[in-house]
Amino acid sequence: TLLKSHGRPPWYGEDGLPICDAFVIGIAGGSASGKTHVAQQIVRSLGSVPTVVILSQDSFYKRHTAEEIALAHANRIDFDHPDAIDMPMFAACLADLKACRQTNIPVYSFAEHQRLNETKYLYGAAIIITEGIMALHHPDLRSLYDLKVFVQCDSDLMLARRIQRDVKERGRSVEGVIEQYLRYVKPAFDNFVSPTARHADIVVPGSNNSVAIDLISTHIRRQMTERARHFRKHMVSQSVECCLS
Ligand code: C5P
C-alpha cells in the first residue's frame, strides 16, 4: 500500500534518496600507523549490531601493465602518490554503499602488485569504516564521511611495523622495504598524507589508543540512535499519511 500511494518504498524520501544513509567513517594515517587496527577496534567496541564493514583504500590500487609490475618488483613504482589509487572508483563504491546500494569491490594483491580478476560483493551495512593513507586526501571522499579520523604515529614506529608486516605478509625483503620507504613512502607521507590531518575531526594516537577508540564508538552509537529515532518518526508519518489518503 505504501509503495502504491507514494510510488516508492517508504524508506526513500520525496527526493528519491534513502531516509537513512549508512554512517561512514574515514580513517587516514601513514602506512603501518595502525589504521586497520583502529578500524577493527571500533568494530569490536560497537559489538555485533548493527552491521559494520571495513573498506580498505588498498583495494582500489589501479591495474598495472606487465612492465609496471616488473618495475614494482624492483621498488621503482610510486604507490604512495595519490594518482596510484583509483579515486573515482573508490568514491563511487563508497557512495553506493553509503546510499545502501550494492557494489563490487576490487581485490588487490600486494604480492603480485596487481588488481585480481575477482571482486567482492558488498551490500547493506549500516556503518562503513574506510581506511587508507589517502582516505582524507580527495574532497569527493571527504564529503562522504560522517566522521573523519587521522591516526598519528611516530615515523620510526611506522617504519619498524612496515618492515615486519611487508616481510611477513606482503612477500617483501627488508632491503626492498627500506629502499621503497626512502624513495617513495616517506616523501609522500610528508607531502600528501600528513597534511590531511587538518581535515580530521579527531586525531588518534597510533598506539595506546583505547580511550580515543572508546570516544569514537560512543559518538557513533549516539549518531546511530539519533538516526533510528529519525527513521521511526519518518515511517510513522508515512503510515499516517497513507491511512489518511
Ligand atoms: O596498508 P597500508 O596503508 O600500509 O598500505 C599502503 C602502502 O602500501 C603504501 O605506502 C604503498 O607503498 C604500499 N604498496 C606496496 N605495493 C603495492 C601497493 C601499495 O608496497 N603494490
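What is the volume of the largest cavity? In this predicted model, the largest cavity has a volume of about 100 Å³. The count of cavities of 30 Å³ or more comes to one.

The lining of the largest cavity was examined by residue, by element and by class. Gly 30, Ser 31 and Asp 80 belong to this lining, together with Ile 133, Met 134 and Met 158. The lining also includes Tyr 181, Val 185, Lys 186, Ala 188, Phe 189 and Val 193. Helix H7, which spans residues 174-193, contributes six residues, the largest share of the lining of the largest cavity. By class, eight residues of this lining are nonpolar, two are polar and two are charged.

Open space was treated separately. The largest pocket holds about 950 Å³ of space. This pocket is lined by 35 residues, of which Thr 36, Asp 58, Phe 110, Arg 165 and Arg 170 are the closest to the pocket centre. Two or more residues of the lining come from each of helix H2 (35-46), strand E2 (52-56), strand E3 (103-109) and H6. Of these elements, H6 gives the most to the lining of the largest pocket, namely six residues. The lining of the largest pocket comprises eleven nonpolar, twelve polar and twelve charged residues.

The largest pocket is also where the ligand sits. The ligand is surrounded by 17 residues, and the closest of them are Ser 31, Asp 80, Tyr 108, His 113 and Arg 162. At least two residues of the shell are supplied by each of helix H6 (155-169) and H7. The shell is made up of seven nonpolar, three polar and seven charged residues.

For Asp 80, a side-chain N or O atom is 2.4 Å from an oxygen atom of the ligand. The corresponding separation for the side chain of Ser 31 is 2.6 Å. Arg 170, listed among the residues closest to the centre of the largest pocket, places a polar side-chain atom 2.9 Å from an oxygen atom of the ligand. The ligand taken alone exposes 470 Å², and 99% of that area is buried by the protein.

Methods: Residues numbered from 1 in each chain as written. Predicted model: local features only at pLDDT ≥ 70, side-chain atom pairs only at ≥ 80, totals over all residues. Heavy atoms only, no water. 1 Å grid on protein atoms, 1.4 Å probe; cavity = no way out; pocket = protein on both sides within 12 Å on 5 of 7 lines; lining within 4 Å. Points joined across faces, edges and corners; volume = space filled by probe spheres on them. Helix = DSSP H or I, 4+ residues; strand = E, 2+ residues; numbered from the N terminus. Nonpolar A, V, L, I, M, F, W, Y, C, P; charged D, E, K, R; others polar. Near = heavy atom within 4 Å. Polar contact = N/O pair within 3.5 Å; in protein donor to acceptor, adjacent residues only side chain to side chain. Areas by Shrake-Rupley, 256 points an atom, 1.4 Å probe, with all protein chains shown as cover. Sits in = over half its atoms within 2 Å of the grid points.
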